[in-house]
Amino acid sequence: MHRSLTTALLASLSVLVATACAQGPPPTTRPAPDTRPVVATLVVFVTIDQLRGDYITRFGSQFTGGLRRLAASGTHFTDAFQDHANTETAPGHAATLSGRYPVSTGIAANNVGVNDPRSPLIGFDDAALGASPFRFRGTTLLDWMRAKNSDTRFMSVSRKDRGAILPVGKAKGDVYWYATNGTFTQSTYYARELPAWVRAFNAQQHAAKYAGWTWTPLLPDSAYSEPDSVIEESGGIEVAFPHRVPTDIADAFRVLAGFPVMDEFTLRFALDGVRNLQLGAEPTRTDLLAISLSSTDAVGHRFGPDSKELHDQMLRVDRYLGEFVDSLFTMRDSTRVIFAVTGDHGMSPYPTRLSTVTPNPGAMYVDLNAPFGEMLARLGALGVDTLQVAMSDGALVIGDTASFVKANLSPDSVARAFAVKLRAVRGVHRVDMLADLARADTTADYIALRWLRMFAPGGTVRFVTTLNQFNYMTGITNATHGSPWNDDASVPIMFWGTPFLLGTFSQRAHVVDMAPTLAAVLGIQPLERIDGVVLKSALRP
């Protein structure tokens with residue numbers, strides 16, 4: 001199944017996003033001066049990769065830093081979701097500041113997210129590392145801000161390329177991510193060489209200082225309820241504390257992304273960007289700083305959402321954010337800063353271990369590879385070009401249908417027949433043709449709604465498969481996410497700043513609501529039709 005993804009899926013899903021290159025931010029004509037005072041000089045949007053919705057409340061009593069500050073003196077929506085089906089990093093980040101679902105942004109999966117060999121990484125010869133937002137469609141909050149004031153400055157940073165690129169859409173400028181040589185860089189989509197301040201930061205070799213770092217729990221053992229020797233974790237290797245970064249510099253650079261200190265490193269770079277770009281320093285404009293912290297995702301995948309390591313990671317990201325906020329407020333007036341915090345997706349526990357947090361009795365691995373392989377073999381024998389047929393994340397994709405026509409086969413009939421076969425596989429919850437989902441009652445069927453927010457009927461995706469809740473696809477060896485079920489879709493939504501009310505809200509909220517809410521606060525308008533709405537209950541009168 002994954003073999004087909006890199007060939008047919010990349011080709012066929014590109015049909016869904018073929019217009020991406022032709023669309024972009026609005027013209028950069030200078031708007032008429034706006035003499036009204038700005039509400040804030042800096043918006044800081046933080047996405048914590050794999051921040052499941054319950055983590056803030058589950059670990060919050062032990063927070064002492066940034067997450068505690070934002071939750072205790074800000075607005076916290078506890079019933080919030082990335083309300084689409086393929087809950088992965090790229091679709092989630094594309095939704096954060098666009099106010100739109102994947103079916104609109106064109107970012108449907110990680111593997112058809114930002115990868116772009118035509119935009120190589122500065123300082124690297126490997127075309128496979130190239131990245132750009134060429135598939136992204138439409139605008140983001142940054143474009144709306146620039147339409148009001150073309151002097152608006154911004155920076156977006158992450159350990160991951162997709163985490164840095166997608167929140168700001170097609171905007172060119174200060175967009176940076178971590179490279180395995182221990183530096184922050186960007187691709188040639190943005191510039192031909194790195195700015196002097198980035199080169200100066202990299203020259204200090206901050207990443208090298210983490211070589212040999214030992215990860216031990218922040219708190220006494222009595223503060224953690226999770227066991228520390230679970231065989232499912234970390235592939236059965238080095239499952240218990242302590243965990244060490246290699247002392248060899250090159251090895252340390254390569255694995256640093258999997259340790260909590262990667263978040264500290266990212267925030268350090270973000271602060272350097274605030275200083276050098278003078279973000280939030282001008283009282284007549286509002287700037288944007290987008291930060292994506294990726295270590296929670298790395299730790300969650302390696303050790304799972306019920307692990308002692310994940311618990312400790314959340315304590316550390318809280319403290320790292322606390323240090324960041326304190327440092328930021330020494331540079332900028334805190335009353336002129338707005339924070340927004342969310343996650344790009346949630347997380348599900350290992351199927352082979354009973355979770356004490358989200359009970360998953362009967363969870364199992366489901367094999368779709370065998371029936372898919374059988375179907376490919378039959379189609380190949382009939383003369384069908386099987387490189388045009390792919391299964392990815394439960395979606396059956398059929399690209400060029402010419403070989404089907406030549407073989408006197410209907411692609412939709414083939415898809416329906418295969419869907420019947422998959423429905424009989426143990427562990428499969430449902431298989432839905434996209435054409436059928438278009439007629440579903442989405443007010444009562446949130447799984448159908450989330451798939452329709454992922455793919456449009458009439459495209460190359462013929463059907464989508466949903467496993468029983470907590471089931472994984474066969475072949476996945478780490479803990480994972482990606483399903484339309486609530487554990488994978490659940491994330492917190494938090495706002496902090498003078499325009500927002502203090503309190504915890506139980507009303508349903510969606511990540512696509514965050515950009516229009518921030519736009520309302522800033523007194524600007526989206527430049528296109530969006531899916532989100534203003535969360536008015538969060539705003540002060």
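This is a predicted model: local features need pLDDT of at least 70, side-chain atom pairs count only at pLDDT 80 or more; totals for chains, interfaces and linings use all residues.
User: Why is E238 called exposed?

Analyst: Exposed means over 50% relative accessible area. E238 has 55% relative accessibility, so E238 counts as exposed. The residue sits in the loop between β6 and β7.

User: How do you know how helix α8 and helix α10 are placed relative to each other?

Analyst: Two packed helices are described by the angle between their axes and the distance between the axes. For α8 (residues 196–203) and α10 (residues 261–277), the axes come within 10 Å and cross at roughly 145 degrees. The crossing is right-handed.

User: Which residues make the contact of α8 with α10?

Analyst: Contact requires heavy atoms within 4.5 Å. On α8 the residues are W197, V198 and F201; on α10 they are F265, R268, F269, D272, G273, N276 and L277. By class, six are nonpolar, two polar and two charged.

User: Which residues of helix α6 are called buried, and what covers them?

Analyst: Buried means under 20% relative accessible area. In α6 (residues 141–148), L141, L142, D143, W144 and M145 are buried. The cover over these residues includes β3 (154–158), β8 (287–293) and α19 (514–522).

User: What makes up the lining of the largest pocket?

Analyst: A lining residue has an atom within 4 Å of a pocket point. The largest pocket, with about 860 Å³ of space, has 40 lining residues, and E88, D393, I476, T480 and H481 are the closest to its centre. The lining divides into 15 nonpolar, 18 polar and seven charged residues. Among the elements that each supply at least two lining residues are α1 (2–13) and α11 (295–303).

User: What lines the second largest pocket?

Analyst: This pocket has a volume of about 500 Å³. Its lining has 21 residues, with A128, L129, K160, D161 and R162 nearest the centre. Two or more lining residues come from each of α1, α7 (161–165) and β4 (175–178). By class there are ten nonpolar, six polar and five charged residues.

Conventions:
Residues are numbered from 1 along each chain as its sequence is written. Side-chain values use heavy atoms; hydrogens and water are left out. Axes are lines fitted to C-alpha atoms, for helices over the stretch in contact, and angles run from 0 to 180 degrees between N-to-C directions. Helices (H or I, at least four residues) and strands (E, at least two) are DSSP runs, numbered from the N terminus. A crossing is left-handed if the near helix is turned anticlockwise from the far one by less than a right angle, and right-handed if clockwise. Ala, Val, Leu, Ile, Met, Phe, Trp, Tyr, Cys and Pro count as nonpolar, Asp, Glu, Lys and Arg as charged, and the others, Gly among them, as polar. Buried means under 20% relative accessible area, exposed over 50%, partly exposed in between (1.4 Å probe, protein chains only). On a 1 Å grid over the protein atoms alone, a cavity is a set of points where a 1.4 Å probe fits but cannot get out, and a pocket is an open set with protein on both sides within 12 Å along at least five of seven lines; lining residues have an atom within 4 Å of a point. Grid points are joined across faces, edges and corners, and a volume is the space filled by probe spheres set on the points.
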